[in-house]
Amino acid sequence: MFYRESGDFKKTYRDDSQTFPIKFDRRRYYVVMAIAFLVLPWFITDYIANAVMIPFLVWAIAALGLNILVGYCGQLSLGTGGFMAVGAYATYKLMTSFPGMDMFSVVLLSGFITAFVGMIFGLPSLRIKGFYLAVATLAAQFFLVWLLNKVPWFYNYSASGQITAPERSMFGIIITGPYASPVTGYLFCLILAIGLAWVARNLTRGRLGRSWMAIRDMDIAAEIIGVNPLMAKLSAFAVSSFFVGVAGSLFFSVYLGAAEVTEAFSINVSFAVLFMVIIGGLGSIFGSFVGAAFMVLMPVLLKNILVGGLGWPTDLAAHLEFIIVGALIVIFLIVEPHGLAQMARVLKEKLRLWPFPH
Amino acid sequence: MAASEITQTYPGPGLDTFPKLLLHNARMFPNKDAMREKEFGIWQSWTWEQVADEIERFSLGLQVRGIQKGDKVLIIGANRPRMYWTMVAAQVLGAIPVPTYKDSVAEEMQYVIEHSEARFVIAEDQEQVDKVLEVKDRCPMVELVIYDDPRGMKNYDTSVAVDFEVVQQQGADLQAKQSDLFKQLCSQGKGEDVSIILYTSGTTGKPKGVVLTYDNVLITAYQAALVDGLTENDEILCYLPIAWVGDHIFVAQSYCMGFCVNCPESEETVAADMREIGPTYYFAPPRVFEGLLTNVQIRMEDAAPIKRKMYSYFMGVAKRVGIDLLEGKSIGLIDRLMYAIGNFVIYGPLKDALGLGRVRLAWTAGEAIGGEIFDFYRSLGINIKQLYGQTESSVFITAQPDGEVYPETVGRPSPGVELHIADDGEVLYRSPGAFHSYYKNPQSTADTKTAEGWVHTGDAGFINGQGHLRIIDRAKDVGKFNDGKMFAPKHIENKLKFFPHIQEAVTFGDGKDHCMAFINIDLGAVGNWAERNNVAYASYQELAANPNVYEMVKNSVEQVNQSLLGDEMLSHSQISRFLILHKELDADDGELTRTKKVRRALINDRYGALIEALYNGAEQCFIETEIAFEDGRVSTISGDIKIVDVKTFSTAAKAS
Amino acid sequence: MSADFLYTLEVILNGLMAGVMYSLVALGFVLIFKASGIFNYAQGVMALFAAMTLVGIQTGQIPFAHLINAIFGTEMHHFGWQVPAFLAIILTVGVMVLFAMIVEKYILHHLVNQEPIILFMATIGLAYFMEGFGDIMWGSEIKTMDVGIPSGGSLWLEEYTLGWAAEGERYWGMYIDKLDMVATLVAVILVVSLTLFSQYTKTGRALRAVADDHQAALSVGISLRAIWVIVWSIAGFVALVAGIMWGAKSGVQFSLSLIALKALPVLMLGGFTSIPGAIIGGLIIGVGEKLFEFAIGPMIGGATENWFAYVLALMFLVFRPQGLFGEKIIERV
Amino acid sequence: MSIQNTTADQQGQPEVLLDLKNISLSFGGVKAITDISFDIYEGEVRAIIGPNGAGKSSMLNVINGFYHPQEGEIWFDGKQRTGMKPYEIAYQGIARTFQNIALFKGMSVLDNLMTGRFTHMNKNLFWQALWKGPAEQEEIINREFVEHIIDFLEIQAIRKTPVGRLPYGLQKRVELGRALAAQPKLLLLDEPMAGMNVEEKEDMCRFILDVNDTFGTTIALIEHDMGVVMDISDRVVVLDYGRKIGDGDPTAVRNDQTVIDAYLGVSH
């Protein structure tokens with residue numbers, strides 16, 4: 001209905017392969033960007049920033065990372081929690097060891113460290129496939145959490161075993177620590193999320209992304225066309241872990257402020273991110289964002305309705321939340337196994353064809 | 001009627017030939033796209049400067065190959081930039097381009113080659129080259145075939161067939177030596193020189209070569225462009241055969257005004273390409289508009305009920321106020337608002353989906369267009385107008401000015417055109433576009449064009465009270481019933497063809513008591529209906545014989561009868577019996593022309609038995625016909641065809 | 001015999017017993033994976049749910065009491081009766097069969113022909129659902145399982161083995177829990193009866209047919225839907241057995257559902273489709289992790305049981321990707 | 001742009017592109033190929049035929065490195081080759097299609113073909129993450145190349161369609177396109193016409209001949225349709241039970257009594 005495509009023709013391959021080839025989509029994207037950067041910072045409350053926007057962005061980055069591995073490269077991973085923990089602890093060690101380092105570098109370095117760890121745990125993917133690999137990645141989850149919990153050096157021998165983010169800033173603006181403004185945190189996460197989404201898009205549309213998808217769709221054919229499976233899978237693990245590490249870093253430093261590894265980065269985190277990816281849509285960058293939004297917003301909404309609205313005991317509400325989340329996931333998978341992104345694609349196709357049905 | 005004044009003959013002083021206009025545009029709009037073609041996934045574009053360079057190298061290459069002034073160059077292929085460039089490249093050298101229909105079979109091509117004495121052939125691809133080589137033994141004057149697409153041409157004898165690029169390379173070599181040569185050559189031609197020879201498909205007999213001069217083409221094209229306010233920023237999609245005069249005129253307008261000509265990727269992708277380009281200036285014969293509308297209706301039938309309701313509601317709004325709005329008449333605020341909403345939810349997307357979203361001006365011509373079809377597009381806000389013209393007139397004889405658009409007329413005389421209605425109703429004209437002669441056919445020339453320059457159109461018509469020309473039918477087709485009343489077959493046929501499930505109709509009545517009809521159903525529309533109603537069918541023949549289909553067609557025919565009642569002159573032409581033909585009328589079988597006009601004489605001849613059965617009251621009739629396949633194989637189909645009586649209405653009944 | 005050796009022996013024996021418990025859970029996975037290709041993550045939660053239901057029925061709990069109280073402001077918890085263990089088990093089996101039917105009808109039926117990962121995710125959703133559902137139905141507090149299985153160390157064994165140690169060593173006899181012994185016995189009986197069932201009954205043969213080739217099984221008229229209900233019922237029954245054993249051992253509580261995670265490395269070792277693989281894999285993991293914790297654990301801070309099984313399975317798989325009992329895969333192009 | 005490869009010298013001695021010497025292959029004691037030798041000339045269309053289970057597909061798998069023979073030598077392009085991985089062999093200039101279509105189902109036709117350009121692209125992760133600049137440049141150059149293949153195979157209309165949605169015959173064509181995109185020196189086709197109707201077969205034959213003709217690509221193909229084999233191949237090698245039983249031009253092979261007995265006789 002909203003699409004007017006006549007006259008929007010492409011004269012170069014560059015135009016033809018741009019991310020939003022349709023003018024309407026392009027404009028919509030600019031509008032969303034403008035709102036996110038220029039409007040929201042003035043209007044959101046600290047509660048919204050802290051409880052909704054920051055977790056949404058952080059989870060979106062994690063979901064992007066996992067989507068690269070699962071959705072694009074077809075390697076099922078349940079170790080996301082463990083890799084996020086690596087990112088978080090790397091951040092902690094960097095922040096405490098190099099107090100002068102700016103937050104941006106800290107976050108990116110944490111990502112690189114996680115990428116390295118991810119690559120090591122990606123090695124078995126050469127021999128192991130499918131669910132065997134999924135289970136194998138659980139090894140990363142349990143081993144990493146155990147390691148970070150058992151070796152006091154990682155949490156600077158603190159008595160509680162917790163890590164706490166000290167105050168760090170960038171360009172004189174406080175980003176972490178108790179005095180950081182949630183809106184600053186939001187903007188910091190936003191810049192990283194947008195930047196990383198752009199990188200993810202670039203990687204997935206080019207040679208590397210195609211080699212991932214080729215491995216996903218038909219690994220034998222991929223190899224025969226010249227794709228080195230080792231390189232493809234390891235690069236997917238590395239890039240994915242980089243994203244997840246950045247997410248872990250932000251999760252700890254900007255969102256939580258303090259964390260304990262067995263609590264904050266348990267197996268449930270791995271599942272939660274996997275849900276985001278599946279509900280959002282495998283192999284879709286947009287889907288990663290939608291999936292994250294869904295998984296962040298739904299519990300907030302449920303809690304507000306059940307506890308705030310109906311006044312039920314919190315434990316009962318928590319149980320009900322489990323039921324609803326579980327049921328929604330099943331319903332989603334039945335209705336649209338390819339996720340919200342696919343729904344959006346179908347809707348878009350319908351709108352482009354409007355008023356015709358086909 | 002007297003001609004209106006022409007104030008400016010050419011786009012600029014001395015710009016009286018294509019080559020001169022080419023150089024002019026290359027100077028004026030060096031970086032503006034002159035031509036685009038969808039190829040290799042994107043719109044490959046050439047600016048005016050680049051086009052000039054392409055043409056320069058090719059034309060010099062042709063010079064190297066020995067082309068002489070006055071030589072004919074046969075051009076055969078689809079709408080591709082190089083085909084268009086070839087025309088101008090030949091003109092630069094004083095040679096005469098002869099574009100021809102790419103789906104013509106070898107014999108047809110042989111006739112054109114022989115008749116035009118073409119020395120050179122520019123062919124699009126292997127398929128066309130093969131056709132030329134097939135008849136080459138019988139056409140010794142053909143010296144060289146130049147092909148555009150080198151695919152599969154590797155093993156061809158290069159003394160007979162060479163690559164376009166090879167010739168261009170030779171041209172480039174010459175260009176390097178004589179850099180001014182091209183400019184000199186370009187300035188040589190004059191307005192009164194022969195510009196092109198267009199072979200008309202002709203509803204009867206052999207094709208005739210219509211010789212047009214630069215003045216014919218360019219003055220006509222330029223005047224029409226001025227009237228309609230075309231600018232260098234317009235876009236047009238050239239998808240109709242390059243050998244057709246309309247296509248040539250639009251290209252001429254592009255040269256006059258500097259706007260861009262777009263070529264589709266292939267015949268199959270025209271609709272998609274149209275949507276991408278979104279032309280601002282558009283031409284289509286009524287048949288295309290009709291097909292488009294049928295397509296819209298079929299697709300909307302599959303839509304969800306809510307959408308369908310929305311569609312029919314807003315189409316109602318459009319029908320009520322759309323045309324008035326288009327013509328700038330004042331309408332109520334509520335209606336205006338409803339139309340705006342409709343424009344957002346229905347008309348806008350619909351036009352966009354059809355590729356008509358940006359159209360400022362659309363022409364239709366060639367046949368009468370159904371009033372309902374015409375109004376449909378105009379109510380959507382598409383400024384579709386009718387013009388009247390023919391190859392011999394370089395298209396424009398009359399055209400509808402903005403604000404004076406009526407479905408049944410073809411408008412006022414174009415600039416410089418004088419009209420005259422002969423006693424027998426035939427329309428004659430005298431204009432700057434009136435053709436030079438029929439090539440090598442003085443007899444026909446004399447028959448058609450009088451010494452004073454009046455040209456017989458062969459159409460019967462009259463000028464109505466508003467000063468608009470109204471065409472009734474082909475002069476020779478307009479017949480008389482036995483009681484002496486007028487019978488205008490095409491008029492009735494067009495009414496029939498408005499129904500989406502009727503593809504083609506042929507009516508009979510001249511020298512008879514009543515009007516009868518042959519019907520061709522539209523396989524797309526009726527097939528869709530069959531699918532939705534679980535009617536199984538294996539072939540066109542089977543579907544055509546289905547009783548329900550007959551019932552459907554019968555209803556339509558009765559509606560036509562009712563509407564004919566409204567017209568005083570035609571009320572006695574109501575159809576009393578009809579049949580649905582067992583096969584589709586097809587150009588490959590000679591029943592239609594290449595431009596899909598009905599060849600009446602041939603049909604009278606081939607289906608004589610059926611016509612007889614219509615009139616002798618038989619319930620059914622056996623028929624056997626040959627059909628030709630694309631690859632040349634021939635087979636026969638036969639069967640009994642049912643004939644059905646239809647209710648006719650009398651004026652008395654109407655009164656009651 | 002030296003005491004060290006005896007300690008090691010005790011660790012191994014305990015590992016074997018623990019391994020049997022892992023195998024019990026793994027068995028449920030294998031059954032479902034074999035018959036339907038579904039990696040059923042909910043198997044652990046099924047065990048928890050079965051155990052809760054059993055305890056709930058046995059102690060006469062009112063289902064959904066918490067929810068009803070919250071909505072209607074009532075105060076009710078128990079019917080006030082006790083159901084004999086035997087009857088309660090039968091009723092619970094009934095509940096698990098009903099559960100299987102519901103799962104088939106409302107979930108699996110709608111997900112036929114979906115990709116494995118989608119089915120896997122659906123079972124995670126199912127696990128979430130059941131976890132919340134079980135808590136709402138029976139309450140989330142820790143319950144004790146008492147169906148009359150003896151527990152505590154076997155005094156007889158301790159006394160019997162006391163004399164094995166060499167003179168002068170500090171050794172108090174071998175400690176093995178009676179519960180573990182019962183569990184072993186039950187596991188053996190369960191495996192034998194499952195084997196007999198699949199070999200000698202019509203339904204069992206149909207199950208194997210489906211496992212081998214869905215299409216072929218369908219074409220000879222085996223109803224996939226019925227098979228799925230049966231398989232999930234059996235898996236529910238296995239979950240109940242596992243739930244009873246684990247519940248009796250460490251109480252019926254949320255952590256029971258995590259035994260699923262314990263069973264996963266077992267599956268990796270034994271292969272997703274092999275029943276003997278599940279048993280032997282369980283034993284290897286059980287022994288391996290107990291020995292590792294016994295020998296190396298103290299040096300690196302303990303609690304290695306969380307991950308050792310995974311790392312062991314991972315190492316193993318890297319060298320033998322098809323698992324213990326899988327056949328070598330020759331890839332055809 | 002030139003998609004042309006070097007072609008065989010038409011007049012002189014044909015150059016050997018691939019030479020297989022005494023190849024034997026077995027799987028755990030089962031012999032799939034026993035002592036087979038044959039060669040493929042540069043620029044020719046070479047057919048491998050034989051009854052089911054004759055070892056044809058195994059032979060192809062040996063050539064593109066998917067199987068490693070226990071015995072024998074493989075010489076490609078004048079060099080002996082030892083223990084290469086399939087992806088390394090792809091870099092040497094061997095591409096193939098599969099008997100059961102092995103397209104990347106989740107990708108569009110265009111992306112499938114672009115993946116075929118993998119060996120011709122080399123911008124690293126950093127440049128790709130940045131996109132603008134070298135990576136985009138490389139992408140555009142290769143896109144242009146791929147578009148010529150699309151044009152050549154007449155699949156413009158389905159350029160952006162996911163391959164999973166295409167009918168079988170078109171999928172086969174796309175798979176050929178993917179192999180062609182790699183600009184191989186040697187193109188292996190495993191039953192390119194299996195499961196096609198007559199019209200599709202004719203199309204495919206035309207494409208194969210055009211590929212050989214226009215690009216000068218050397219082609220080795222397995223095919224069951226004897227008519228097709230006789231029509232389009234320059235030389236034929238016949239396998240039966242893992243052994244070579246015939247080798248020569250189509251007419252010679254057709255009239256060879258051993259071949260008739262073993263193959264033509266069996267399949268009526």
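Author: B:I502 stands opposite B:I521 in strand β25(B). The model is a predicted one, in which local features need pLDDT of at least 70 and side-chain atom pairs count only at pLDDT 80 or more, while totals for chains, interfaces and linings use all residues. Residues are numbered from 1 along each chain as its sequence is written, and chains are lettered from A and ligands numbered from 1 in the order in which they are written.

Strand β24(B) covers residues 502-508, and β25(B) covers residues 515-521. Strands (E, at least two residues) and helices (H or I, at least four) are DSSP runs numbered from the N terminus. The two strands run antiparallel and are joined by six bridges; for strands to pair, DSSP must find at least two bridges between them. Six residues lie between the strands of this hairpin, and B:G511 takes a positive phi near 75° there.

A residue is buried if 20 or more other C-beta atoms, placed from the backbone, lie within 10 Å of its own, exposed if 12 or fewer do, and partly exposed in between.

Helix α8(A), residues 207-217, is mostly covered, with 11 of its 11 residues buried; among them are A:W212, A:M213 and A:I215. The cover over these residues includes α3, α7, α9 and α10 of chain A together with α3 and α4 of chain D.

Chain A as a whole has 15 helices and four strands. Of its 358 residues, 53% count as buried. A compact globule of 358 residues would have a radius of gyration near 21 Å, and chain A agrees because its value is 21 Å; this radius is taken over C-alpha atoms, and the globule rule is 2.2 Å times the number of residues to the power 0.38.

Chain A also touches chain C: 35 residues of chain A are in contact with 42 residues of chain C, contact being defined by C-beta atoms, placed from the backbone, within 7 Å. On the chain A side, α6, α12 and α14 each supply at least two residues, and α14(A) gives the largest share, 14 residues. By class, this side has 29 nonpolar, two polar and four charged residues. Ala, Val, Leu, Ile, Met, Phe, Trp, Tyr, Cys and Pro count as nonpolar, Asp, Glu, Lys and Arg as charged, and the others, Gly among them, as polar.

Finally, there is the matter of confidence. For the complex the predictor gives an ipTM of 0.82 and a pTM of 0.85. In chain D the mean pLDDT (the predictor's confidence in each residue, from 0 to 100) is 88, and 93% of the residues reach 70 or more.

Terms used:
Contact = placed C-beta atoms within 7 Å.
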